[in-house]
Amino acid sequence: MKQVVQNYKSGELTVLDVPVPGCKPGGVLVRSAFSLISTGTELMKVSEAGMSMLGKARSRPDQVAKVMQSVATNGLPATYSKVMGKLDSYTPLGYSLCGVVEQVGSGIDDVKVGDLVACAGNEHALHAELNWVPKNLYSRVPDGLEPRHAAFGTVGSIAMQGVRQGEPQLGEVALVIGLGLIGQLVVQLLAAAGVRVVGVDPDPARRELAERLGAEACGDPESAAVEAAVAELTGGHGVDQVYLAAGGGSNQPVELAARLARDRGRVVDIGKCRLDLPWNAYYEKELDVRFSRSYGPGRYDPAYELEGRDYPIGYVRWTERRNLACFLDLLSRGSVDVEPLISHIADFDDAVETYRRLKDGDLKAVAVLFRYAEGEAAEAVAPAVTVPTVKRTAGVSSIPARAAGKPVRLAFVGAGNYATSMLLPHLAGREGVELSTVVTTTALSAANAQRKFGFAEATTDLDAVLDDPSVDAVFVVTRHSSHAELTQRALLAGKAVFVEKPLALTEDELAGVLAAVEKSGNDRLQVGFNRRFAPLLQEARQRFGARTGPASLRYLVNAGRLQHGSWYLQQGTEGSRFAGEGGHFIDTASWLLGADPVSVYAVATAGADDLQIVLRYPDGSTATISYVTTGAPGFPKETLDLVADGKVLRLDDFVRASVHGGKRWVSSRLPKARDKGQNAELAAFVRAVRTGGPMPVPLESLVATTAATLAVPAGLAAGVPVTLAGAR
């Protein structure tokens with residue numbers, strides 16, 4: 001791919017062929033459509049690169065100080081070698097663009113391939129055909145917003161952060177010094193916020209543009225017209241805020257700010273201008289001088305920008321990503337207009353000539369965009385998720401023989417809400433079952449479970465439980481991210497395992513579980529897919545009878561919104577919500593259709609809140625699962641229809657079922673409570689452990705359901721059906 005780079009030592013500017021960046025986890029690969037030249041920041045870099053070494057030193061005294069410190073610490077030869085090596089390297093340019101998502105890394109579920117996004121960052125939104133952009137440095141572009149306008153997202157965020165630092169109020173008056181790209185955006189943002197604006201710039205064309213975009217008056221910094229306009233608008237008190245959006249070495253902007261600001265006014269530095277504050281003037285008015293750090297909170301924080309760790313909105317309302325999204329929203333609603341700021345659009349191949357014209361003054365511009373040739377459309381290659389083959393090593397088994405008549409001794413790892421409300425009430429006091437040990441990470445939760453359900457022991461020591469030969473089965477009822485690892489450990493310890501869904505969050509985790517089965521010879525595994533055990537659904541299936549032709553199944557899951565703070569929202573560590581719950585519905589569909597799926601196709605609404613998943617089966621049957629969060633809370637959570645051979649099976653939220661065909665059957669009465677099958681599932685599991693008979697669900701089916709669940713995010717990212725390679 002091509003990228004604009006510069007050698008800071010020689011000043012050489014070129015379009016270089018470089019490797020395509022990889023799509024790492026936690027971000028997306030974006031093909032650029034438009035990128036914006038910062039006519040302030042970037043031209044300053046380009047100009048500095050063309051200076052002599054002495055000129056570079058004079059322009060960057062801060063860097064000279066660092067060099068001198070390095071000389072004192074490391075010596076002159078080592079410092080010289082280091083500095084020359086750094087100068088004689090290519091460095092990138094650019095930090096604001098709009099493009100199309102070409103690839104989605106793992107852990108990303110808010111955009112998909114083909115989405116238009118605005119991107120930020122001087123390491124991630126470069127003048128290049130392709131960029132890898134981490135999650136907190138991109139935002140989806142609202143429908144209808146032109147890509148060339150969305151390319152202003154980063155500079156818009158810079159202007160917005162500066163305005164936020166000024167804390168403007170309705171009816172106040174502000175002075176904007178410097179009407180370049182940032183200054184023009186500041187003028188519009190202030191006007192949109194109900195602030196009256198006076199602009200200052202020596203360029204009459206920029207002053208005229210600012211007045212068209214919302215400034216009440218503009219003038220030259222040397223003219224009396226500015227002071228007159230401020231006096232008229234403020235009754236002689238002075239402006240409430242001054243925004244320094246000018247560059248250069250003159251101290252005139254800070255002196256003008258002191259003269260025209262009111263008593264205890266606010267002065268916000270957004271650009272990079274000289275700041276030799278006249279002490280008496282600032283002291284006498286007690287002016288509040290503030291700095292605006294780039295795009296907003298999160299800037300320069302690797303944990304935020306690179307690792308995707310967001311700041312809680314209750315503590316930090318406006319982060320750099322929220323500023324970016326807010327600016328795009330203002331653009332889409334017409335509150336800010338960037339079209340008048342676009343002085344020139346250049347083809348990306350002409351980048352070097354465009355920079356030369358800007359530097360030499362041949363091209364006078366407020367904003368210049370690079371337009372990229374349309375990249376080849378992302379090839380719709382049908383991805384595949386492998387359904388691992390279950391291997392059982394002959395003659396290898398770590399399962400001890402059980403003495404007849406002895407109770408089945410169960411240990412629980414985890415005692416959260418689901419375990420204590422949906423599982424343990426069915427096991428406590430059950431004949432032939434002994435609750436041996438409960439293991440939790442906190443002592444109090446273990447003690448509570450022991451007291452409430454009668455466990456013989458409570459501990460935080462998992463190893464002791466796995467090493468205890470008297471424990472027959474282990475229930476893994478912890479958070480999703482630990483399921484696969486704990487299942488592997490329990491299998492290798494020779495225990496029968498009941499693990500709540502999901503069995504695994506990744507293909508590697510699933511493969512690890514099956515490796516433990518093969519190594520130990522222990523395939524005594526059940527995943528908590530309970531709906532196939534629900535008595536009402538079992539009876540309906542029996543009434544429906546056998547079928548001869550392909551079937552169509554529709555499953556509507558009205559999941560509803562999660563409460564704020566739910567750990568299900570921790571998708572970076574615990575997987576998506578569907579990854580945690582979706583196996584239930586895939587397993588139910590596969591059980592009703594009597595087979596495992598061979599492909600998965602998934603689409604989502606914006607933000608991936610509502611999912612449509614289509615499963616295809618070997619005999620041509622299909623199952624569509626609508627997993628939605630935006631439905632009415634009062635509507636039933638789960639409704640299901642199965643249609644085949646002139647018959648229809650209907651399930652209404654495990655309360656009523658019916659079968660329509662040659663004869664019509666409707667469940668006779670409403671149950672006292674919804675029975676989703678947990679009690680029958682646990683009974684079947686305990687029976688299998690006691691007798692040594694087959695587990696309630698074949699391991700191959702559990703693996704196929706897990707693989708199909710894992711195929712959903714892969715399908716969302718690719719936008720095409722995912723083949724389940726190796727499916728039976």
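# Briefing: helix packing and selected residues in a predicted model

Arg547 is partly exposed, with a relative accessible area of 22%, in a model that is predicted.

**The chain as a whole**

- The accessible surface of the protein chain comes to about 32400 Å², and 52% of that surface belongs to carbon and sulfur atoms.
- When contacts between residues at least 6 apart in sequence are taken, 68% of these contacts in the protein chain join residues at least 24 apart.

**Helices α20 and α22**

- Helix α20, covering residues 535-544, and helix α22, covering residues 577-593, have axes that come within 11 Å and cross at roughly 30°.
- Because angles under 35 degrees count as roughly parallel, α20 and α22 are described as roughly parallel to each other.
- The crossing in which α20 passes α22 is right-handed.
- On the α20 side the meeting residues are Leu537, Gln538 and Arg541, and on the α22 side they are Thr588, Trp591 and Leu592.
- Sorted by class, the residues of this contact of α20 with α22 are three nonpolar, two polar and one charged.

**Helices α22 and α24**

- Helix α22 also packs against α24, at an angle of about 130° and with the two axes 9 Å apart.
- That angle makes α22 oblique to α24.
- The crossing of α22 and α24 is right-handed.
- From α22 the contact draws on Phe578, Ala579, Gly582, Gly583, Ile586 and Asp587, while from α24 it draws on Ser701, Thr705, Ala708, Thr709 and Val712.
- The residues in the contact of α22 with α24 divide into five nonpolar, five polar and one charged.
- Ser701, one of the α24 residues in this contact, lies in a helix that spans residues 699-718.
- Ser701 has a relative accessibility of 8% and therefore counts as buried.
- The C-alpha atom of Ser701 is separated by 8.4 Å from that of Ala595, although the two residues are 106 residues apart along the chain.

**Helices α19 and α24**

- Helix α24 packs with helix α19, which covers residues 507-520, at an angle of about 165° and with the axes 10 Å apart.
- Since angles over 145 degrees count as roughly antiparallel, α19 and α24 are roughly antiparallel to each other.
- The crossing of α19 and α24 is left-handed.
- The residues that make the contact are Glu507, Leu510, Leu514 and Val517 of α19, together with Leu699, Val703, Thr706, Ala707 and Leu710 of α24.
- By class, the contact of α19 with α24 has seven nonpolar residues, one polar residue and one charged residue.
- Pro502 is placed in the loop between β22, at residues 496-499, and α19, and the peptide bond that leads from Lys501 to Pro502 is cis, with omega near 0°.

**Residues in the loops on either side of α20**

- Asn530 sits in the loop between β23, at residues 525-527, and α20, and it is buried, with a relative accessible area of 0%.
- Apart from neighbours within four places in sequence, Asn530 is in contact with Tyr418, His584, Lys676, Gly677, Gln678 and Glu681.
- Arg547 is found in the loop between α20 and β24, the strand at residues 552-558.
- Apart from neighbours within four places in sequence, Arg547 is in contact with Leu593, Asp619, Ser621, Ala644 and Asp645.
- For Arg547 and Leu593, which are 46 residues apart along the chain, the C-alpha atoms are separated by 9.3 Å.

**Two aspartates with positive phi**

- Asp645, which is among the contacts of Arg547, has a positive phi of about 55° although it is not a glycine.
- The loop that holds Asp645 runs between β28, at residues 638-644, and β29, at residues 647-652, and Asp645 counts as partly exposed at 37% relative accessibility.
- Asp653 likewise has a positive phi of about 55° without being a glycine, and its place is in the loop between β29 and β30, the strand at residues 656-660.
- At 5% relative accessibility, Asp653 counts as buried.

Methods:
Residues are numbered from 1 along each chain as its sequence is written. This is a predicted model: local features need pLDDT of at least 70, side-chain atom pairs count only at pLDDT 80 or more; totals for chains, interfaces and linings use all residues. Side-chain values use heavy atoms; hydrogens and water are left out. Axes are lines fitted to C-alpha atoms, for helices over the stretch in contact, and angles run from 0 to 180 degrees between N-to-C directions. Helices (H or I, at least four residues) and strands (E, at least two) are DSSP runs, numbered from the N terminus. Angles under 35 degrees count as roughly parallel, over 145 as roughly antiparallel, 65 to 115 as roughly perpendicular and the rest as oblique. A crossing is left-handed if the near helix is turned anticlockwise from the far one by less than a right angle, and right-handed if clockwise. Contact means heavy atoms within 4.5 Å. Ala, Val, Leu, Ile, Met, Phe, Trp, Tyr, Cys and Pro count as nonpolar, Asp, Glu, Lys and Arg as charged, and the others, Gly among them, as polar. Accessible areas come from the Shrake-Rupley method with a 1.4 Å probe; for residues, only the protein chains shown count as cover. Buried means under 20% relative accessible area, exposed over 50%, partly exposed in between (1.4 Å probe, protein chains only).
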